[in-house]
Amino acid sequence: MNKASLRKKYKALRASLSAEERDNRSLAIANQLLGLDIWEYDYYHIFLPIERLLEVDTTYILNILSGKDKNVLISKSDFEKGTMQHFLLLDNTKLQVNEYGIPEPVDGIEIAFAKAQVVFLPLLAYDSKGNRVGYGKGFYDKLLAESNKELLTIGLSYFEPEEKEITTNSLDVSMKYCVSPSNSFKFC
Ligand SMILES: Nc1nc2c(c(=O)[nH]1)N(C=O)[C@@H](CNc1ccc(C(=O)N[C@@H](CCC(=O)O)C(=O)O)cc1)CN2
Ligand SMILES: Nc1ncnc2c1ncn2[C@@H]1O[C@H](COP(=O)(O)OP(=O)(O)OP(=O)(O)O)[C@@H](O)[C@H]1O
């Protein structure tokens, strides 16, 4: 299946889940993460969910990070350039939902992405090799292209991997882990 059909398939699968089921799965994903050996770091980058697109609710993960006193980075996207700026998430950080429905910091302390040691990745589909498909604008491919090899990349999905390997191009960056509500996959 090509990326366009996978996007369609997984958008429909998301839409087939009730709000309660999405919430249960989002919590189960956070609990799966607790079982991974990823908690000894200082800087964690996370996405804030686009409600309209029914994304995994990362609030549960944010609560874990806050309980562990981690530094949390969130982003502001530039859709013209396809790039992101990263800011420390603090108690007093003001968020504003942008035109794509992404909650973003209004201002704050900008941090270089190079500081991040763990990054949680939004995705629509993935396979058992760690290939991922997002919305197709390449924000994360660009971001990860410049990152160091030690960075832990962790996809979050409501669903299990696609059985057929996803066809990738040279710009696609695969993930090291992916977590679903009932499984954790390690690809590295
Ligand atoms: N929560 C979250 N933040 C993120 C991402 C993400 O996937 N999720 N991104 C990951 O890269 C970047 C933003 N990428 C996005 C790409 C497309 C659309 C979007 O609204 N797509 C519509 C089509 C609209 C259009 O093309 O004009 C859609 O898919 O229905 C939103 C965010 C950076 N921040
Ligand atoms: N390192 C890069 N530098 C410049 N452009 C890139 C880079 N990586 C990806 N792109 C471009 O971004 C787009 C990404 O498309 P692709 O279908 O791989 O996105 P995706 O992985 O589904 O989405 P996303 O990363 O937004 O979640 C393509 O047009 C690609 O050419």
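Guide: Two residues are in contact if their C-beta atoms, placed from the backbone, lie within 7 Å. This is a predicted model, so local features need pLDDT of at least 70 and side-chain atom pairs count only at pLDDT 80 or more, while totals for chains, interfaces and linings use all residues. Residues are numbered from 1 along each chain as its sequence is written, and chains are lettered from A and ligands numbered from 1 in the order in which they are written.

Visitor: Which residues is Leu48 in contact with, leaving aside its neighbours within four places in sequence?

Guide: Thr58, Ile74, Ile102 and Pro103. Leu48 sits in the loop between strand E1 (43-45) and helix H3 (59-67). Helices (H or I, at least four residues) and strands (E, at least two) are DSSP runs, numbered from the N terminus.

Visitor: Is Leu48 buried or exposed?

Guide: Count C-beta atoms, placed from the backbone, within 10 Å of the residue's own: 20 or more others mean buried, 12 or fewer exposed, and in between partly exposed. Leu48 counts as buried because it has 20 C-beta neighbours inside 10 Å.

Visitor: Which residues does UniProt list for "binding site"?

Guide: Leu48 and Glu55, in an unreviewed UniProt entry. UniProt positions are given in the numbering used here, feature names are shortened, and annotations may be inferred rather than shown by experiment. Glu55 is also placed in the loop between E1 and H3. Glu55 is buried, because 21 other C-beta atoms lie within 10 Å. Not counting residues up to four places away in sequence, Glu55 touches Pro49, Ile50 and Pro122.

Visitor: Now the ligands. How many residues surround ligand 1, and which are the closest?

Guide: A residue is near a molecule if its C-beta atom, placed from the backbone, lies within 6 Å of it. By that count 17 residues surround ligand 1, and Phe47, Tyr100, Pro122, Tyr135 and Phe139 are the closest. Strand E2 (71-78) and H4 are the elements that give two or more residues to this shell.

Visitor: How do the residues of the shell around ligand 1 divide?

Guide: Ala, Val, Leu, Ile, Met, Phe, Trp, Tyr, Cys and Pro count as nonpolar; Asp, Glu, Lys and Arg as charged; the others, Gly among them, as polar. The ligand 1 shell has twelve nonpolar, three polar and two charged residues.

Visitor: And which residues come nearest around ligand 2?

Guide: Gly134, Gly138, Asp141, Ala145 and Leu171, out of 14 residues around ligand 2. Helix H4 (residues 139-145) supplies the largest share of that shell, five residues. The ligand 2 shell divides into six nonpolar, three polar and five charged.

Visitor: How many residues has the largest nonpolar core?

Guide: In soluble globular proteins, nonpolar side chains tend to be buried together. A nonpolar core is a set of buried Ala, Val, Leu, Ile, Met, Phe, Trp, Tyr and Cys residues joined through C-beta atoms within 7 Å. The largest one here has 39 residues, and those with the most contacts inside it are Phe120, Leu121, Ile154, Leu156, Cys178 and Val179. Strand E6 (residues 118-121) provides the largest share of this core, four residues. Take Ile154: leaving aside neighbours within four places in sequence, its contacts are Ile38, Val118, Phe120, Leu121, Met175, Lys176, Tyr177, Cys178 and Val179.

Visitor: At what angle do helix H2 and H3 pack?

Guide: Axes are lines fitted to C-alpha atoms, for helices over the stretch in contact, and angles run from 0 to 180 degrees between N-to-C directions. Helix H2 (residues 19-34) packs with H3 at an angle of about 35 degrees, and their axes are 8 Å apart. From H2, Ser26, Leu27, Ala30, Leu33 and Leu34 meet Tyr60, Ile61 and Ile64 of H3. The residues of this contact divide into seven nonpolar, one polar and no charged.

Visitor: Where is phi a positive value in a residue other than glycine?

Guide: Leu54 has phi near 55 degrees. Leu54 lies in the loop between E1 and H3. With 16 C-beta neighbours inside 10 Å, Leu54 is partly exposed. Asp69 also has phi near 55 degrees. Asp69 belongs to the loop between H3 and E2, and is exposed because 7 other C-beta atoms lie within 10 Å.
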